[in-house]
Amino acid sequence: MEGFGVADSFEIARISESVARALVQRANVLDCDAVLVPGGNMPCTAFISSLEDALGKPVVTTTQAVLWAIREHLSLDWTPTTLGNLFL
């Protein structure tokens, strides 16, 4: 397990897409089944699907997991097309 080295949630929100992608790719190790991206401000929501395509495994973010839990709790018939395999 590896941290991103960012402790402040406001600093996390300022991470660029290229840095966020690099951090997620660095967290990907061969023997993991998925990559967990903690931190609600981590700017990965817009490109979860492309991260999963690049890594060949699920990527689960805090924001994505909260949206999934809300959908399940409210029994919504909603399947977003850009939030990765968690919703399939």
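Contact here means heavy atoms within 4.5 Å. In this predicted model, local features need pLDDT of at least 70 and side-chain atom pairs count only at pLDDT 80 or more, while totals for chains, interfaces and linings use all residues. Residues are numbered from 1 along each chain as its sequence is written, and side-chain values use heavy atoms, with hydrogens and water left out.

Once neighbours within four places in sequence are set aside, valine 59 is in contact with Val35, Val37, Ile48, Leu51, Glu52 and Gln64. Val59 is also listed, together with Val24, Val35, Val37, Met42 and Cys44, among the residues with the most contacts inside the largest nonpolar core, which has 17 residues; such a core is a set of buried Ala, Val, Leu, Ile, Met, Phe, Trp, Tyr and Cys residues joined through side-chain atoms within 4.5 Å. Two or more residues of this core come from each of helix 2 (17-27), strand 1 (35-37) and helix 3 (48-55), where helices (H or I, at least four residues) and strands (E, at least two) are DSSP runs numbered from the N terminus.

The whole structure holds two salt bridges, each defined by a side-chain nitrogen of Lys or Arg within 4 Å of a carboxyl oxygen of Asp or Glu.

| Salt bridge | N to O distance |
|---|---|
| Arginine 21 – glutamate 17 | 2.9 Å |
| Arginine 71 – glutamate 72 | 2.8 Å |

Arginine 21 and glutamate 17 lie four residues apart in helix 2, about one turn of the helix. Buried means under 20% relative accessible area, exposed over 50%, and partly exposed in between (1.4 Å probe, protein chains only). Arginine 21, at 23%, is partly exposed, as is glutamate 17 at 42%. Arginine 71 is buried at 10%, whereas glutamate 72 is partly exposed at 38%.
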